[in-house]
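Reader: I'm new to reading protein models. Could you walk me through one?

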Amino acid sequence: MVYILFIGSPLSYLDFKIHLHGYASRYAINRLWGENQTIIPDEKNPGPDGDGIILSFKSNQLFSVRRWVWQWADEAIPIEPKELVDDWPERREKISKIEI
């Protein structure tokens, strides 16, 4: 007998909100993230070049979205969901301790 363990329900969708600026915002604007996506200018935090946006969408792919957001480093800041926001400082701390 084979058992498959899911962490959370595979059908549990999370609401994602991600601030992007710089190249990350230009990249995100030209992509389809889902039928339910919205992209609005981030007037509260427009970023250094004034091109900040907030990308919002629903997904059940927390780990994939986490990887995607992390690749943008200083051009992406998670706003929602809590799982992604809470993980962010810990990951930044880990990377800052790496000695090359």
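Reader: Is the crossing of α2 and α3 left-handed or right-handed?

Author: A crossing is left-handed if the near helix is turned anticlockwise from the far one by less than a right angle, and right-handed if clockwise. Here α2 and α3 make a right-handed crossing. By the way, this is a predicted model, where local features need pLDDT of at least 70 and side-chain atom pairs count only at pLDDT 80 or more, while totals for chains, interfaces and linings use all residues. Residues are numbered from 1 along each chain as its sequence is written, and side-chain values use heavy atoms, leaving out hydrogens and water.

Reader: What counts as a helix or a strand?

Author: Both are DSSP runs numbered from the N terminus: helices are H or I with at least four residues, strands E with at least two.

Reader: Which residues of α2 and α3 meet?

Author: Contact means heavy atoms within 4.5 Å. L62, V65, R66, V69 and W70 of α2 touch E83, L84, D87, W88, R91, R92 and I95 of α3.

Reader: How many bridges join β1 to β3?

Author: Two strands pair if DSSP finds at least two bridges between them. Strand β1 (residues 14–20) runs antiparallel to β3, with seven bridges; K17 has S56 as its bridge partner in β3. On β2, which pairs with β3 in the antiparallel sense over four bridges, P41 stands opposite I53.

Reader: Is G50 buried or exposed?

Author: Buried means under 20% relative accessible area, exposed over 50%, and partly exposed in between, using a 1.4 Å probe and protein chains only. G50 lies in the loop between β2 (38–41) and β3 (53–59), and is exposed at 53%. In β3, six of the seven residues are buried, so the strand is largely enclosed by the rest of the structure.
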